[in-house]
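Work through the exercises below with the model open. Each task is followed by a worked solution.

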Amino acid sequence: MNAKFKKIIPQLLTLAFVALIFGFFSYNAQLNMENRGISFGYGFLSQESSFDVQFSLIEYDGSHSYFRAYLVGLLNTILVSVIGIIFATIIGVIVGIARLSSNLLINRAAAYYVEFFRNIPLLLQIFFWYFAALRALPLPEDAEPIFGVIFLTIKGLFIPAFVWNNLDIFIYSLLAAIISIIIIRSYSKKLRENEGKHLPVLYISLGLIVGLPLVSFIIGGVTLSFEIPELVQLAKTSFRFNGGLGLPPELIALTLALALYTATFIAECVRAGIQGVNKGQKEAAASIGLTPNQVLKLVIMPQALRIIIPPTTNQYLNLTKNSSLAAAIAYPDLVLVFAGTALMQTGRAIEIVSITMLTYLTLSVSISILMNWYNKKIAIKEK
Amino acid sequence: MFKKIKQMTSLLAVVAVLFGFATESFAAKKSKTLKNTIKQGFVKCGVSQGLPGFSNADASGNWTGVDVDVCRAVAAAVLGDANKVKFTPLSAKERFTALTSGEIDVLSRNTTWTLSRDADIGLTFVGVNFYDGQGFMVRKNSGMTSVNDFKDGISACTNIGTTTELNMRDFFNSKGISYEPVAFEKADEVVAAYDAGRCDTYTTDKSGLAAQRTKMSNPDDHIVLPETISKEPLGPVVRQGDAVWEDIVRWSLNTMIEAEEYGINSGNADSLKTSDNPAVKRIVGAEGEMGAALGLDNDWSLRIIKQVGNYGESYKRNIADTGILPDRGPNEIWTNGGLLYTPPAR
């Protein structure tokens with residue numbers, strides 16, 4: 001009893017101390033706000049925002065609420081983070097493996113890339129991609145089409161948009177294909193383990209993922225056409241593209257900068273992971289007759305991933321948080337739209353900053369949980 | 001009763017003298033900001049990150065501009081030296097938080113006086129030092145000569161955190177034109193993006209457009225369209241709840257404007273102490289006890305005029321002579337057909 005009590009006392013004291021600090025700060029803030037005649041409350045979230053945002057994934061204009069503006073910013077932050085993470089991972093894995101290449105040219109090129117991009121501050125890189133690279137892009141009227149339908153201009157990247165008919169049927173067919181692939185895979189695994197038979201899973205999967213949607217086109221009434229961007233004249237020397245899908249240059253520059261910067265760190269994680277696998281493993285795998293591809297896929301990578309995943313999670317978190325630098329180049333992310341314009345228009349600094357902090361915390365924790373789950377899944381299962 | 005209080009105050013004053021507090025007047029005691037400013041020895045002033053004519057730092061870090069002059073006037077009045085100002089460059093987004101948190105004591109940063117800003121977020125606007133309105137800048141070779149030439153899909157570069165964003169929406173909505181707002185945090189980035197061709201038009205206060213035009217790679221390629229789409233009375237702001245400090249900033253600005261109205265400038269201020277006009281004598285501190293009410297000495301206004309100049313001198317030095325807006329327009333004294341009209345200093 002006494003020992004137990006002794007253990008609990010310091011913990012209770014620490015808890016009380018933390019609570020006291022929080023209490024002091026909130027009391028202090030409250031007092032100061034009262035003194036300065038600032039009211040506090042989250043009621044403003046339902047008020048009309050009356051400002052527009054350049055780029056939004058959901059329907060939004062100034063007649064919507066501040067909460068809607070918050071969602072616009074949040075979705076834009078998630079969008080740039082997800083795209084950034086995908087590209088950073090692809091580039092990072094390729095460069096990480098390239099750094100271990102026996103080909104000197106590939107090896108050195110990868111090393112220079114890593115050292116160059118990870119040692120320049122990210123904000124500078126964002127400015128470089130936005131202001132330097134942007135200036136080099138042609139005006140809409142001078143843009144040379146790529147493949148006849150894609151236009152990369154100073155006002156953004158314009159690509160053909162898909163115009164669907166009966167999109168839902170197409171999506172159902174895609175879902176059906178994915179589900180049947182999962183079933184077939186587990187069936188083939190069972191077959192391999194029980195009877196030692198190999199099914200050509202890859203070809204079956206490919207057939208399904210192409211075949212089923214194809215069927216939806218033929219008998220499901222699904223049609224797809226393209227809307228090609230069209231040059232429109234605004235004034236004597238002002239043009240823009242109408243129709244199609246327009247990606248703002250801010251998004252492109254930010255994604256590029258984030259992906260290229262974070263990829264260097266991921267490349268180092270990948271390199272460390274692969275180098276961390278004992279050489280004997282590779283030799284043992286080769287000696288039992290596995291092909292080099294199988295060695296990488298079945299022996300090296302599963303072990304390397306255990307080393308790669310935890311530090312890579314950090315990089316994903318960094319990328320998500322770094323996306324808040326978007327404000328510098330007018331990409332309407334959470335910080336620009338909500339902690340920027342909305343904060344300014346309402347003057348509710350404490351409320352908005354607290355929501356923004358909580359949002360980033362939630363985002364980061366979600367990524368952490370997801371990556372920890374994946375890490376656990378691939379970790380050594382002691383039996 | 002009153003006599004008793006008076007007696008007690010004088011008694012207190014004696015005690016204060018004994019303890020060396022004599023320099024602090026009643027007003028100074030009441031105003032925490034004034035007390036702190038005297039203690040620090042400089043006025044904490046929030047300005048823009050670089051807007052020629054309003055607040056702009058040169059290569060050696062000297063700040064000039066009409067907004068800067070308001071802070072200099074306050075420093076001259078309170079501390080006796082117009083150079084005792086610490087300037088803090090702020091983005092549009094940061095400015096109000098910097099003021100309410102006490103990082104600065106005067107915000108003189110081309111800030112539009114609106115109801116919600118004045119009433120809602122713990123700020124008080126003390127006056128107007130520049131009457132402005134929002135306008136549009138376009139490239140000359142675009143052939144656009146009026147906002148009626150705008151077409152659907154026009155992209156407009158601007159700053160975040162300003163009334164500009166809201167006015168722009170009101171304007172385009174009322175015209176029924178769809179537009180693409182591209183909002184940056186810093187003015188320099190807005191200019192760079194517009195200059196590069198990212199946007200078809202650049203919109204902010206007209207004075208800002210005129211000032212920023214001087215920063216473009218080729219200023220003559222751009223024109224400011226004639227239409228004004230909003231009222232933008234710009235003026236200095238203080239924190240709510242310090243009435244004495246509020247009065248000091250308000251009357252420092254008013255002194256500059258009224259001095260021009262009565263023809264008092266940095267050159268003739270001293271000689272006008274013996275003027276026949278009592279109004280003039282009051283402004284230069286030769287008559288009445290104007291300073292005491294503010295917790296200042298009686299030469300406060302004279303110092304403003306001598307060290308900073310009157311409003312007209314400040315305008316000429318910062319805005320007219322630099323070629324930003326040679327025509328004073330509404331920013332002329334009311335007797336000359338402008339909007340500058342101050343309550344009398346008496």
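**Exercise 1. A loop residue in chain A**

Between which helices of chain A is the loop in which Ser50(A) lies? Then describe its backbone and its surroundings.

Solution. This is a predicted model.
- Step 1: Ser50(A) sits in the loop between α1 (2-35) and α2 (66-98) of chain A.
- Step 2: Read the backbone angle. Ser50(A) is not a glycine, yet its phi is positive, about 55°.
- Step 3: Most residues other than glycine have a negative phi.
- Step 4: Count neighbours. Ser50(A) has 17 C-beta neighbours inside 10 Å, so it counts as partly exposed.

**Exercise 2. Strand β9 of chain B**

Why is β9(B) largely enclosed by the rest of the structure?

Solution. 
- Step 1: Six of the six residues of β9(B) are buried, so the strand is largely enclosed.
- Step 2: Check both faces. One side carries Ile154(B), Ala156(B) and Thr158(B), the other Ser155(B), Cys157(B) and Asn159(B), and all are buried.
- Step 3: Find a neighbouring strand. β9(B) pairs with β10(B) in the parallel sense over six bridges. Ile154(B) has Tyr179(B) as its bridge partner in β10(B).
- Step 4: Follow the connection. The chain leaves β9(B), passes through α7(B) and reaches β10(B) in a right-handed β-α-β crossover.

**Exercise 3. Strand β4 of chain A**

How many residues of β4(A) are buried?

Solution. 
- Step 1: The strand spans residues 223-227, and zero of its five residues are buried, so β4(A) lies largely in the open.
- Step 2: β3(A), residues 161-165, runs antiparallel to β4(A) and is joined to it by five bridges.
- Step 3: In this pair, Trp164(A) stands opposite Leu224(A).

**Exercise 4. The surroundings of Leu296(B)**

Which residues does Leu296(B) contact, leaving aside its neighbours within four places in sequence?

Solution. 
- Step 1: Leu296(B) lies in the loop between α12 (290-294) and α13 (300-307) of chain B.
- Step 2: It has 25 other C-beta atoms within 10 Å, so it is buried.
- Step 3: With those sequence neighbours set aside, the contacts are Ala77(B), Val78(B) and Gly291(B).

**Exercise 5. Where the chains meet**

Which element gives the most residues to the side of chain B that touches chain A?

Solution. 
- Step 1: Count both sides. Chain B supplies 38 residues and chain A supplies 35 residues.
- Step 2: List the elements of chain B that give two or more residues: α5 (95-100), β9 (154-159), α7 (163-175), β10 (179-184) and α8 (187-196).
- Step 3: β10(B) gives the most, with five residues.
- Step 4: Sort the chain B side by residue type. It holds 13 nonpolar, 12 polar and 13 charged residues.
- Step 5: Note the confidence. The predictor gives the complex an ipTM of 0.76 and a pTM of 0.78.

Terms used: Residues are numbered from 1 along each chain as its sequence is written. Chains are lettered from A and ligands numbered from 1 in the order in which they are written. This is a predicted model: local features need pLDDT of at least 70, side-chain atom pairs count only at pLDDT 80 or more; totals for chains, interfaces and linings use all residues. Two residues are in contact if their C-beta atoms, placed from the backbone, lie within 7 Å. Helices (H or I, at least four residues) and strands (E, at least two) are DSSP runs, numbered from the N terminus. Ala, Val, Leu, Ile, Met, Phe, Trp, Tyr, Cys and Pro count as nonpolar, Asp, Glu, Lys and Arg as charged, and the others, Gly among them, as polar. A residue is buried if 20 or more other C-beta atoms lie within 10 Å of its own, exposed if 12 or fewer, and partly exposed in between; C-beta atoms are placed from the backbone. Two strands pair if DSSP finds at least two bridges between them. A crossover is right-handed if, with the strands pointing away from the viewer, the path from the first strand over the helix to the second runs clockwise.
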